[in-house]
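User: I am new to this structure and would like to know what lies behind the words used for it. Please take the terms one at a time.

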Amino acid sequence: MDVQISMETTFDDGTRRTHRLGDLSRPYRLTNSEALGLLLSDAKAIISQIQRAILTDQLEEVVAVNRTCSACGSIKPIHDYRTRVFDTAFGRFRHQVPRLKQCKCGVAAGSKCRGEQSPVAKIFPDRATPELCRLQTELGSRHSFREAERIMETFLPCAKQINTTVRNRLGRVAQNIIDREPAQISMDEDAQSPPLTVFLDGAHIRCPPEYQKRHLDVVVGKVESPNMCRRFGLVAQAGPSPSGQLRQDLLALGWDGQRPVTVISDGEPALPNLVRAAVDGRVRHILDWWHISMRVQHIENAVKGLLQTESFTGFPELFKRPAETLRWCLWHGKFMTAGTRLKILIIDSGRVTTEDAAVRAAAARVEARCRELYTYLANNWDALTNYGWRHRNGFSISSSRAEGCVDDIGNARMGKSRRMRWSPRGAHNVAVTRAAVLDGRLSVSHQEMAA
């Protein structure tokens, strides 16, 4: 069986052109399981030929249209030909493209556009097509740069890929995402902006020795409205304006610049301060319930260990009752009562003066856990709320959504298990692009990278 592949191009003026792309031969006697259908190598060659034919016809049409002066209708003369490289997802091609002289009518009118101009430079200012940049960015944000290079060379008829090129183009796309104006949601003038909740958390990634620090802090999180959500990731040391980047994410979800934003974090002061800088202080900070609950669990385990010590001779109710009611008080917003329970446990633990070392050690653990929770609550007193009421009314009380972003953005691409070290700028670019890829915000529309 012989297959002949050709393509016909119809231009806007009605003329047609036929391109012979190639032939495929599938002899019956040589047919086996590996020769059935179209092979990957054949497909790559055919797609490359199709891309070359389409690109050649498009360039010819662009030059023909631009040679006609829009003012007087005369034909512009050709100054010379220059070789331009077109790097696409389906191959790298070199074409001779003309440079056009200025029309005589423009010279007489004193036009500011002097000298020779290339009509292709307007539609193809970069060496690579936006589709290729998007593909390199998406693969580079999901895999290592060398792995992204290998995947593209395996499945596409593209030119030889270099991992540094993938990295550099990812950085340019990340900068385009940061600089792009946010597309605000259209709302009625009388309608209020939707309530927004920002879930924040931090991830630690390894840093090269020349930066004189062991780890970098990557801020990741999610902005949620009633109808949509948006992930984000940034490195405060690398971004020119981390608060400005977060403000763009809020505006993209319909924030009007006036309504307070709810922030849920684990108590790290730098995280809510980032949102405060983005919204000019209009923030309602809520302490994550999971971190409170885990500290209460530590106290309950320490009290249980103390009561189960064989030589303990005290009254179990002095320790058991406050520990059991501590979680209930915090859940229902009775923080003064919870503080009193903690002080009682601290005082009673300090009164354990038995000669048994095991009992003294167990009491010291109870006292240490109680002091830890008391200090944690005191430092975040303004961020405490009635968690039971919020939970019953369907409001968020935990930063678990940000924990998921830590896995998706930080650990999956820049985690310690990958044995990579990141510069602040490189980590920032990967975090920005990976958040855009996970949200489906990285798309191509002609030459624009949609953020």
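User: Which residues of helix 7 are buried?

Analyst: In this predicted model, the buried residues of helix 7 are P242, S243, Q245, L246, D249, L250, L251 and A252.

User: What makes helix 7 mostly covered?

Analyst: Buried means under 20% relative accessible area. Of the 11 residues in helix 7, which spans 242-252, 8 are buried, and the helix is therefore called mostly covered.

User: What do the buried residues of helix 7 pack against?

Analyst: Their partners include helix 6 (163-179), helix 8 (270-279) and helix 15 (424-439). Strand 5 (197-206), strand 6 (215-224) and strand 7 (229-235) are also packed against.

User: Why is V430 called buried?

Analyst: V430 has 0% relative accessibility. The cut-off for buried is under 20%, so V430 counts as buried.

User: Where is V430, and which residues does V430 touch?

Analyst: V430 is in helix 15. Leaving out residues up to four places away in sequence, V430 touches F145, L170, R413, M414 and W422.

User: Why is the pairing of D80 and R82 called a polar contact?

Analyst: The side chains of D80 and R82 are joined at 3.4 Å. A polar contact requires a pair of N or O atoms within 3.5 Å, one able to donate a hydrogen and the other to accept it, so the D80 and R82 pair is called a polar contact.

User: What else does D80 touch, and where is D80?

Analyst: D80 is in strand 3 (residues 78-88). Not counting residues up to four places away in sequence, D80 touches V97, P98 and R99.

Terms used
Residues numbered from 1 in each chain as written. Predicted model: local features only at pLDDT ≥ 70, side-chain atom pairs only at ≥ 80, totals over all residues. Heavy atoms only, no water. Buried < 20%, exposed > 50% of the residue type's maximum accessible area, 1.4 Å probe, protein only. Helix = DSSP H or I, 4+ residues; strand = E, 2+ residues; numbered from the N terminus. Contact = heavy atoms within 4.5 Å.
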